[in-house]
Amino acid sequence: MTRLTRTVAAATLATALALVSACSGGSDSADAKNGDGTSLEKVTYLTSFGNFGRDSYAWVAKDKGFFKEAGFDVEIKPGQGTGAVIQTIVGGQADFGPIDLTGGLLQVGNGVAKDFVAVAAIQQRTMAAIVSVEGKNIATPKDLEGKKLADTPGSVVRNLFPTYARMAGVDYTKVTWVNGEAQTLMGTLASGQVDGIGQFVVGQPTVEAVTKKKPVVLPYSNVMQDLYGNALITSSKIAKENPEKVKKFTAALLKGLEYALAQPQEAAEILKKNVDATNPAAAAAELQLMAAYVRSSNSGTAIGTLDSDRVAKSIAILQGAGALKSNITPDQIIDFSLVPKA
């Protein structure tokens, strides 16, 4: 844990335990026309989940005028997680939004969802992790044997655990899982009812604030390097009928992502300006934690790239875990003609 993370942990709690409402104000909405007088195209964008620091790059793209330069008047709304984002976009109530790509593969491979495509990576590595706290005698994956973990039944962290365990040299049959709710998992860990929980690495400040103890984090990416994190999606209909719109929007959003990572404090203040409940220090800390997952050694030179071979390996990991009911291919979930080139 960094000093910054420890400093902002207490302040993070109020922000991170509740979703906050988004407003649609900002520089794009101030003028519905470009400088040349042409009208801006209205677009609805969903965040991945609420309006925390990890999603602030969309507000940066709006505030800095990147969307407007690309010809869009963007309304940003808080998303409710992978399944809900997919459903809303496929249903036509939104145009774009990020989902956990592994979660998307699970939805497609199990016949839960269809008619959407990923067009860019947000994080090149999964942020999924097992999180414990000091005092639980957990320092390595092997230490999870004999321990009790909690997560929601359908979470990516939990569903992938048998595969993670095998790759990390853990006997997963010696690990007990109990059901929990996303909103109460950290409290369950704080109360001592369990030894660890399923969580994302950027949740470290909140875990420390709730438990009053230093988190111990076991990132899945340490042993499952081919799994992506969040990816930007749109409907198959939009991708097919208006590919140039997709390319322009993606470029503007990724420009916001790059800016937010380079200027996390400014990005946090931009989020605060648009979402009043934001704690800027906490938001900046999340961006700093997320930065290493947006760029990685095997991601190529450009932010947003997706590699077919890596996605195929991700599918193989899920199939090996028995998590997919049907065989799928990378092309069923990703439109590589629209993905930024490395």
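The legends below describe close-up views of a predicted model.

Residue numbers start at 1 in each chain and follow the sequence as written. In this predicted model, local features need pLDDT of at least 70, side-chain atom pairs count only at pLDDT 80 or more, totals for chains, interfaces and linings use all residues, and side-chain values rest on heavy atoms, with hydrogens and water left out.

**View 1. Confidence along the chain.** pLDDT is the predictor's confidence in each residue, from 0 to 100. Its mean over the protein chain is 87. Of the residues, 87% reach 70 or more. Residues 1–27 stay under 50. For this stretch the model has 63 contacts beyond four places in sequence; a contact means heavy atoms within 4.5 Å. Where pLDDT is low, predicted coordinates should not be read in detail.

View 2. Helices (H or I, at least four residues) and strands (E, at least two) are DSSP runs, numbered from the N terminus. Helix α5 spans residues 101–109. Because 9 of its 9 residues are buried, α5 is largely enclosed by the rest of the structure. Buried means under 20% relative accessible area, exposed means over 50%, and partly exposed lies in between (1.4 Å probe, protein chains only). The buried residues include Leu101, Leu105, Leu106 and Val108. Gly103, Gly104 and Gly109 are also among them. Their cover includes α4 (82–90), α6 (156–167) and α13 (308–320). Strands β5 (96–100), β6 (116–121) and β12 (230–235) also contribute to that cover.

View 3. Asp100 caps the N-terminal end. One of its side-chain oxygens lies 3.1 Å from the backbone nitrogen of Thr102. This is a polar contact: a pair of N or O atoms within 3.5 Å, where, within protein, one must be able to donate a hydrogen and the other to accept it, and residues adjacent in sequence count only if both atoms are side-chain atoms. After α5 comes Gly111, with a positive phi near 70°.

**View 4. Strand β12 between its partners.** Because 6 of the 6 residues of β12 are buried, this strand is largely enclosed by the rest of the structure. Two strands pair if DSSP finds at least two bridges between them. β5 and β12 pair in the antiparallel sense over 5 bridges. β6 and β12 also pair in the antiparallel sense, over 5 bridges. Gly97 stands opposite Ile233 in β12. Ala118 has Ile233 as its bridge partner in β12.

**View 5. An open, mixed sheet.** Here 5 strands line up in the order β9-β8-β10-β7-β11. The pairing is mixed. β9 (176–179) and β11 (215–219) stand at the edges, each with a single partner strand, so one side of each has no neighbour in the sheet. From one strand to the next, the twist averages 35°; angles run from 0 to 180 degrees between N-to-C directions, with axes as lines fitted to C-alpha atoms, for helices over the stretch in contact. β8 (residues 148–151) runs parallel to β9, joined by 4 bridges. Lys148 has Thr176 as its bridge partner in β9.

**View 6. The nonpolar cores.** A nonpolar core is a set of buried Ala, Val, Leu, Ile, Met, Phe, Trp, Tyr and Cys residues joined through side-chain atoms within 4.5 Å. The largest has 55 residues. Tyr45, Leu232, Phe249, Leu257 and Met290 touch the most other members. Helix α10 (residues 243–262) gives the largest share of this core, 8 residues. Apart from this core lies another, of 47 residues, among them Ile89, Leu105, Ala128 and Met224.

**View 7. Thr126 in its loop.** Thr126 sits in the loop between β6 and β7. At 2% relative accessibility, Thr126 counts as buried. A polar atom of its side chain lies 3.1 Å from the backbone nitrogen of Ala128. Leaving aside neighbours within four places in sequence, Thr126 is in contact with residues including Tyr220, Met224, Tyr228 and Tyr293.

**View 8. Two loop residues with positive phi.** Most residues other than glycine have a negative phi. Asn137, not a glycine, has a positive phi of about 60°. Asn137 is in the loop between β7 (128–133) and β8. At 65% relative accessibility, Asn137 counts as exposed. Lys212 has a positive phi near 65°. Its loop lies between α8 (204–211) and β11. At 67% relative accessibility, Lys212 counts as exposed.
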